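Trainee: Could we take a close look at the ligand site in this one?

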Amino acid sequence: MSRSERLVPAAAALLALALTGTACDGGVRGTPGGSGVRDPYFPQAGNGGYDVTHYALTLDYTPKGRHLTGRAVITAQATQDLSAFDLDLAGLRVDAVTVEGKDARWNRAGQELTVRPRDDLSKGETFRVTVDYSGTPRTLTDPDDSEEGWLPTADGALGLGEPVGSMAWFPSDNHPSDKATYDIAITVPKGLQAVSNGELTDQSDKDGRTTYHWHSGRPMASYLAMVAVGHYTIKRSTGPHGLPLLTAVDPTQAEASAGVLAKIPEILDWEELNFGPYPFSSAGAIVDRPHDAGYALETQNRPVFPGPPAISTLVHELAHEWYGDSVTPTSWRDMWLNEGFATYAEWLWAEDHGGPNAQKQFTDLYDGDDEAIWAFPPARPSSAAHISDSPVYERGAMVLQKIRQKVGDDTFYDIIQGWAAAHRYGGASTDDFTAYVEKKAPDHDFGEIWQDWLYGDGKPAHP
Ligand code: TRP
Ligand code: ZN
């Protein structure tokens with residue numbers, strides 16, 4: 001339906017005119033899309049009124065001076081009639097905004113970049129918004145005091161984004177409930193590399209600078225988008241079924257990383273056996289020097305590590321490609337669907353490789369004296385400052401062990417593989433998960449597990 005064909009009932013039109021005060025041009029009259037998607041932990045994250053299908057980012061970064069210029073071309077579909085909509089962008093300077101090629105008005109308040117297109121957009125319409133921006137990207141500090149966003153390193157920078165830091169380097173619908181495909185082109189001074197998600201589709205030199213084009217053809221949450229600029233030793237190889245692997249390692253970390261990174265094919269093989277087919281068209285890892293942020297992150301296709309990872313950490317981050325990256329929580333409240341599964345992957349790896357079995361890990365935690373694990377239930381973190389605490393990771397893994405105890409190994413592996421298949425490339429909630437488990441094992445009663453282990457306060461009475 002074209003915009004002019006769309007009939008607006010007279011009363012609604014008058015109301016919209018009164019609300020927006022825009023001139024009547026015979027087109028649709030929408031309302032603003034809203035500045036968030038009511039995430040219980042990050043209420044400003046994401047925006048209402050549209051869904052993004054594709055981000056085309058063209059970035060140019062010079063480490064000396066820390067200067068970034070960017071153009072984001074965002075393709076989205078309106079989910080309501082829109083007079084205005086927001087993007088999330090923290091810091092930087094906005095130089096120009098167009099919608100469907102026409103200059104748009106915009107203003108900024110905190111992380112909200114509000115765009116008012118010349119013509120209102122109608123529900124269902126696909127539109128393109130282009131944002132030109134520049135400046136020195138910020139490092140953001142999260143409620144738990146960890147750092148994300150743009151992290152300058154000794155010879156470049158890392159752009160990371162869990163939970164909300166991608167808005168420090170590109171404007172977006174910055175919430176895991178809206179996944180999209182990406183093309184990320186990054187230009188850096190010649191001699192430096194720029195690595196991102198997906199596959200390298202083009203590399204070219206011009207005027208002393210090199211441009212790297214990275215393509216992600218599978219939907220990705222904004223928190224999993226990444227760029228790594230610096231000197232890296234890049235190695236290509238293949239994993240299971242000829243899967244292209246790429247590792248990028250800071251030269252100072254290369255020697256210490258070689259042994260563990262050589263295990264990627266074996267780990268992916270083992271994870272496919274346990275979790276089902278690897279969901280993406282390439283894999284690998286980035287190892288940078290230890291930096292202030294100090295954590296590993298499961299960026300899509302290629303997790304980032306601050307120094308050579310322990311094998312358990314590598315197993316954990318690669319497991320996220322199934323649980324988190326392919327099947328993505330629709331709210332930050334559902335983080336345990338990421339971290340409980342990735343922690344459980346570590347337990348399973350140990351079980352299958354001469355270490356303690358998962359039941360022993362469970363019992364040790366249950367009998368141990370680390371009380372922090374009982375601070376809150378996995379599916380109800382006490383606040384945004386605690387979404388990466390042990391109740392989400394370890395107690396989240398304990399929920400899975402409880403399910404395994406109840407249903408036995410065959411059904412348990414069916415459940416974890418089936419879960420990855422059922423929501424591949426999509427999003428899911430804790431409710432989706434409990435419903436899925438109940439459907440796969442209809443003869444069992446999970447009421448107590450959900451009540452005591454997933455949602456219950458304090459330490460459950462029985463292990
Ligand atoms: N997701 C990372 C992991 O466990 C850890 C992490 C890094 C994280 N930054 C975060 C978790 C921000 C929550 C919020 O592999
Ligand atoms: Zn994790």
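Trainee: How do the residues of the shell around ligand 1 divide into nonpolar, polar and charged?

Mentor: Keep in mind that this is a predicted model, where local features need pLDDT of at least 70, side-chain atom pairs need 80 or more, and totals for chains, interfaces and linings use all residues. Residues count from 1 along each chain as written, chains are lettered from A and ligands numbered from 1 in written order, and side-chain values use heavy atoms, without hydrogens or water.

Now the shell: it splits into 6 nonpolar, 3 polar and 4 charged residues (Tyr and Pro count as nonpolar, Glu as charged, Gly as polar). Of the 13 residues around ligand 1, the nearest are Glu162, Glu298, Glu317, Glu339 and Tyr393 (around it here is a heavy atom within 4 Å).

Look at the polar contacts next (N or O pairs within 3.5 Å). The side chain of Glu162 puts an N or O atom 2.7 Å from a nitrogen of ligand 1. On the oxygen side, Glu317 has a side-chain N or O atom 2.6 Å from an oxygen atom of the ligand, and a polar side-chain atom of Tyr393 sits 2.7 Å from a ligand oxygen. By itself ligand 1 exposes 360 Å², and the protein buries 93% of that (Shrake-Rupley, 1.4 Å probe).

Why does ligand 1 lie between two domains? Because domain 2 (50-319) and domain 3 (328-454) both give residues to its shell (bounds from an automatic or database assignment).

One more thing about Glu162: a cis peptide bond, with omega about 0 degrees, joins Glu162 to Pro163. Most peptide bonds are trans. Pro163 belongs to the loop between strand E12 (156-160) and strand E13 (180-189) (strands are DSSP runs of at least two residues).

Key
A polar contact is a pair of N or O atoms within 3.5 Å; within protein, one must be able to donate a hydrogen and the other to accept it, and residues adjacent in sequence count only if both atoms are side-chain atoms. Helices (H or I, at least four residues) and strands (E, at least two) are DSSP runs, numbered from the N terminus.
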